[in-house]
Amino acid sequence: GNGSRQPMSRSDKIIMCLITLAFLLLAGAVSVGNPLFESTDEIRHYRYIRHLIVRRSLPVQGSESIRSQSHHPPLFYALSAVLSGWVASPHTPEYQQPLNPFWGYRNWEVGVDNKLQYYHDPAEGFPFREGYLAALIPRWINILLGATTVWLAFMLGRTVWRERPALAWGAAALVAFNPQFIYLSGSMNNDIIAAATGTAVLLLSLEVTQKGLSRRRLILLGLAYGLALLAKFHLVVMGGIIGLAVLVALSNAERAPGSQMRWPSFDSRGWRKVGGQWLRAMAIVVTIAALLAGWWFVRNWWLYGDPTGLNKVNELWAGRPAAGNWWALRQGLPYLWSSLWGRFGYGQIPLPSVIYQGLLGFCLLALAGFLFPRRERLPLAAFVILGVTVVGFLAVVTYYILIQPAGPMGRFLFPAFPALAVLVMGGLSRWPILRKHPTGTAVGVTLSMGAFAVLALGGYLSPAVRYTPPVTSPSVDQRTELQFGDVARPLVVDVQPDSVRPGEPLFVTVTWDPLLQTETPYVVYVHVIDD
């Protein structure tokens, strides 16, 4: 009742260490197994980092000869530049990986056929020659930021469900074993640092509601919010969460020790008094955040005439007015959901649709648990703040879907995902069949999510991005004696099925033996000739 967490037991520490270790291993495997620049916009994030290292200045939207993520705030890129700048690399801010022109082939289907966007050089692999180590270090930075987010999700759960710590590490497992979160933690992007800083702001906000206002907590909130704004602009929505948390803290300032947190309730005189206190508290938070991140918005205003820089983004990235684009929501929301859980590369490596449908059913059923009556009262303020966080980010992304073709990306919801995970675990624990078994519920969620992560990454991602596919022993009927000059010879040609009618698919699988490395990537085409 007084907002303090129960002491962390030895078993909880062991479980969280195991969850974190499993996350580190999975994300580490992705960082070295997924070819460089295959993740969404990764090469553009890399160009931003190289610009900081080579030019020692921030990139300007529209001034680059080749596009980077120059519209983003610089926190991740500056951190990556500092930690990777010591590596000698020939890569310039205009670096371009050789493109595979057929990478988008049948990108709506589950499969392994031609899924890589770029051609890849053996130098990318261990020991990472030709400067490729400079591209891997930012990936490893993200792994550590991802592990930080997992622990922050655990602390968030302990803050809300103080007497049931199993629900906290169950929520952490939901975050840690989300295949898309693992995948992007092993890639270059600013979505993981956005998740970490956003969750830190949310955790501090909940602590303010439970322990009350203090100068130290307000300063920490200001610092965390400033870092969040330097991580990714859409985290500006966390300012509303901070304001809500401060209001709840003021309403609970006079509550009796041991009582439940109340929702704000004042008469007109009380509201005027609280309004002044709220303004003073928010002034501290906003001032500190402005001292930390305000220069970025001033720079945008100076360069683009807009403190957010979004007008320039829309100009360069095929933006459109929001009005009249409801069709975009119909198309975008299913993609948003699938890419929140596991849609790899640039979206061309999906999971089976039944998995996305099952996850939607699971989350809805879990949240429906809050409809069941129960003797103990919910931590109402925490429950509402978590819910507003999820809804707030969903609203921001919905608006972005309306104005941008690249809007429906589940990674934009990562800062709110720990909040959703805590709510899902809380809802599960209220179902009658699970009420008395919070530990068993958490164990079930952890093992299920762990198996899901291994299936998604090992069964769908790895085969689609493996540089050298496995060679099977050809049967006598499949062997060929063909050779294309001194370039290559096909060892096996397999045609399935034996006969087709017009409009039916015909699959030709060729296993090649390359004889030399050519300057130009060659293209192979197949003619189908009837009788």
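Predicted model: local features only at pLDDT ≥ 70, side-chain atom pairs only at ≥ 80, totals over all residues.
I began with Arg-411, which forms a salt bridge with Asp-41, the closest N and O atoms being 3.8 Å apart; a salt bridge here is a side-chain nitrogen of Lys or Arg within 4 Å of a carboxyl oxygen of Asp or Glu. Arg-411 lies in the loop between α14 and α15 and Asp-41 in the loop between α1 and α2, so the pair ties together parts that are 370 residues apart in sequence. Helices and strands are DSSP runs numbered from the N terminus, helices being H or I of at least four residues and strands E of at least two.

Residues are numbered from 1 along each chain as its sequence is written, and side-chain values use heavy atoms, with hydrogens and water left out.

**Salt bridges**

I then looked up how exposed the partners are, taking buried as under 20% relative accessible area, exposed as over 50% and partly exposed as in between, with a 1.4 Å probe and protein chains only. Arg-411 is buried at a relative accessible area of 9%, and Asp-41 also counts as buried, at 13%. Asp-41 forms a salt bridge with Arg-44 too, where the closest N and O atoms are 2.7 Å apart; Arg-44 is partly exposed, at 23%.

Elsewhere I found Arg-489 in a salt bridge with Asp-513, their closest N and O atoms being 3.2 Å apart. Arg-489 belongs to strand β3 and Asp-513 to strand β4, so this pair ties together parts that are 24 residues apart in sequence. Both are partly exposed, Arg-489 at 32% relative accessibility and Asp-513 at 23%. Salt bridges that share partners join Asp-41, Arg-44, Asp-191, Lys-232 and Arg-411 into one network, and the count of salt bridges comes to eight.

**Aromatic rings**

How many aromatic pairs does a search of the whole structure find? It finds 20, where rings of Phe, Tyr and Trp (its six-membered ring) pair if their centres lie within 6.5 Å, and planes under 30 degrees apart count as stacked, over 60 as edge-to-face and the rest as tilted. One of these is the tilted pair of Phe-37 and Tyr-95, at 5.7 Å centre to centre and 50 degrees between the planes. Phe-37 sits in the loop between α1 (10–33) and α2 (42–55) and Tyr-95 in the loop between α3 (75–84) and α4 (133–160), so the pair ties together parts that are 58 residues apart in sequence. Both residues are buried.

The rings of Tyr-400 and Phe-412 have centres 5.6 Å apart and planes at 70 degrees, so I recorded this pair as edge-to-face. Tyr-400 lies in helix α14 (residues 380–403) and Phe-412 in the loop between α14 and α15 (417–428), so the pair ties together parts that are twelve residues apart in sequence. Tyr-400 is partly exposed at 24% relative accessibility, whereas Phe-412 is buried at 9%. I also noted that ring pairs link Phe-23, Phe-181 and Phe-414 into a cluster.

**Backbone**

Most residues other than glycine have a negative phi, and most peptide bonds are trans. Against that background I marked Phe-37, whose phi is near 70 degrees, a positive value in a residue other than glycine, and Glu-130, with a positive phi of about 55 degrees. Glu-130 is in the loop between α3 and α4, and Pro-127 is found in that loop as well. A cis peptide bond joins Phe-126 and Pro-127, with omega about 10 degrees. Another cis bond runs from Gln-496 to Pro-497, with omega near -5 degrees, and Pro-497 is placed in the loop between β3 (488–496) and β4.

Ile-141 is found in helix α4 and counts as buried at 7% relative accessibility. I looked up its distance to Phe-76: Ile-141 and Phe-76 are 65 residues apart in sequence and 8.9 Å apart in space, C-alpha to C-alpha.
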